[in-house]
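User: I'm new to this structure and would like to learn how to read it. Could you take me through it feature by feature?

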Amino acid sequence: MAGATSPAAAANLAGKSGVRIVVIGDPGTGKSSLVVALATEQFPENVPKVMPPTRLPADYFPDRVPITIIDTSSSSPEQKPKLIAECQAADAVVLTYACDRPATLERLSAFWLPELRRLQLKTPVIVVGCKLDLRDEQQVSLEQVMAPIMQSFREIETCIECSALRQIQVPEVFYYAQKAVLHPTAPLFDQEAQSLKPRCVRALKRIFIICDNDKDGALSDVELNEFQVRCFSAPLQPTEISGVKRVVQEKMPEGVNDNGLTLTGFLFLHALFIEKGRLETTWTVLRKFGYDNDIKLRDDLIAMPIKRAPDQTLELTTEVVDFLKGIFNMFDIDNDGALLPTELEDLFSTAPENPWSTDPYKDCAEKNVLGGLSLEGFLSKWALMTLLDPTNSYANLVYVGYPGEFASAFTVTRKRRVDRKKQQTQRNVFQCYVFGARGSGKTSLLQSFIGRQPSDALPSNTERIATNSVELPDGTRKTLILREIPEGDVRSLLSDRESLAPCDVAVFVYDSCDEYSWQRARDLLVQVATHGENTGYEVPCLIVAAKDDLDQNTQALQESTRVSQDMGIETPIPISVRLRDLNNIFSRIVQAAQQPHLSIPETEAGKTRRQYRQLLNRSLMVVSVGAAVAVVGIAAYRVYAARKNSSS
């Protein structure tokens, strides 16, 4: 890796058509003189208080990106809003002090840098000591002066001294500012630890694996050359390849083996480039493989090109499921049929982070006693991620090695409205909303679905989702996703017209010992049914009578049976999580979702509307029949009249 960059390509991949640099600092520190000296290459005799915006052409620096320099003034309070606005619009900030005025240096950490933090700016800062020609020779070095300041303010990218009068390091100030934007240090390197940042390591590991064509764990001379051509459009000479490997072997013996450059050596080289200030080399590599400044795949590479209606979802194709099964087996090192947490971390080690380390994915699937995830649980988590966030699902498929396009990874399901009309569905993944009063047994139902005890309830501030594979009586398997809807969230959920569009089936859980629990379940059922009738997103509904092992409330039992019959849905299904007597509840939920035209509750208002429509349809039919009879009568009369005339 010689690091010969194609500057134009690197800049384009940075996503920048121009760089905006704002110059700030105390009055009299040399801001305007610095800008004029850069533009005219000579020291100005008469310097205006504030220079107008100054533009440098694209070919001024090797990266071939035009620069706009904004001079500012802070001499009066009225100018502060404009100064703040310019800083907020900046790609980089040049912060000046005067080398001959120690008070302006002290103001950096006393005022300017804290002020930039207060504005929550994320842009890199270049600290510039102007008037180098006036600096006292007895003063301490720049490194000694700036070390404690840079320790406190990590946003400082570079420190440099210059002289506009003597034309010393004036262009370098803005070159470093542009470089800090196009090739930032912060995403790649931890200055304090002096090591590559984890996300950078993960991206480089993925790139290494892609380039290791024979999968022998090392880049051969041929593979190294192909990598060089792909990234820098120039081959390496045999002597250059030998030189690269020799440097690595001297500093990191395990970085090279008989097959070539190992991952350890590959990472070492990039750390070496960055330490030597050649960040453009690593950035060029990352951008050639589709990474943005956050070291994630660019949005245009993972954007979802598929349009879908609110009641359509995406599911993994058979091709992707087969790919994921292969990945699962590859990382199941001990061949125990489950991925341990360490194996799962290894699987996602080429992604920016493990996407399942946080809610709602963290505890949503069944694990064995060692915390291992089965193949069914693994595929269920992918199905859930595809349902909730298809773009993220596709990105992570690419991170773990899936080579196909977005369109080959997912299939779009048919609209749920069409499924209801056709009285069948082709879906393999079903989402079930679980409603009920607090304490009714909703969470216990979810926990039992993924083999957990009710006492293992998740913290109350997490989004409770459980996903698993369900085997049906005919031997087929479907993925079921249970999503608990807290009682307090129902109003906000139903305030959205399309909130039931992604729902395949709704379950209403009540504590069979508690009449109030039933009343709340009934009210929620009516609310959901009404919302479905009003929006056209009706869903099949089931009532679940939980805690069946305890003394039941007779009135609640009778009332729930009557309401289910009145609304035209199945009678309540009794279950006991404690006794593990679940009455095939999960299979029955899936079967209800598979018959989307059945088990749809009908409210009194819905019945009235339906009866009105039926009456209206019958009336129209009578009118149509009457009109047809009249037409036939006229035709018959005409035939009769014609015959009468012919006979006379």
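Analyst: Let's start with a definition: a residue is buried when its relative accessible area is under 20%, exposed when it is over 50%, and partly exposed in between, using a 1.4 Å probe and protein chains only. Here, buried residues make up 48% of the 648 residues in the chain. This is a predicted model, where local features need pLDDT of at least 70, side-chain atom pairs count only at pLDDT 80 or more, and totals for chains, interfaces and linings use all residues. Residues are numbered from 1 along each chain as its sequence is written, and side-chain values use heavy atoms, with hydrogens and water left out.

User: How many helices and strands are there in the chain?

Analyst: Helices (H or I, at least four residues) and strands (E, at least two) are DSSP runs, numbered from the N terminus. This chain has 24 helices and 21 strands.

User: Why is the chain described as more spread out than a compact globule?

Analyst: You compare the radius of gyration, taken over C-alpha atoms, with a globule rule of 2.2 Å times the number of residues to the power 0.38. For 648 residues the rule gives 26 Å, but the chain comes out at 35 Å, well over that, so it is more spread out than a compact globule. Along the principal axes, the C-alpha atoms fill a box of roughly 120 × 75 × 65 Å.

User: What order do the strands of the open sheet have?

Analyst: Strands of a sheet pair through backbone hydrogen bonds, either parallel or antiparallel. We count two strands as paired if DSSP finds at least two bridges between them. The open sheet here has six strands in the order β17-β18-β16-β19-β20-β21, with mixed pairing. Its edge strands, β17 (465–471) and β21 (573–574), each pair on one side only.

User: How many bridges join β19 to β20?

Analyst: Six, and the two strands run parallel; valine 507 stands opposite leucine 542 in β20. Strand β16 (residues 429–436) also runs parallel to β19 (residues 505–511), joined by five bridges. There, phenylalanine 435 has phenylalanine 508 of β19 as its bridge partner.

User: Is strand β20 mostly covered or mostly open, and which way do its residues point?

Analyst: Mostly covered: six of six residues in β20 (residues 541–546) are buried. Cys541, Ile543 and Ala545 point one way, while Leu542, Val544 and Ala546 point the other.

User: What does threonine 123 touch?

Analyst: A contact means heavy atoms within 4.5 Å. Not counting residues up to four places away in sequence, threonine 123 touches Ala90, Asp91, Ala92 and Val93. Threonine 123 sits in the loop between α4 (102–118) and β5 (125–130), and is buried, with a relative accessible area of 16%.
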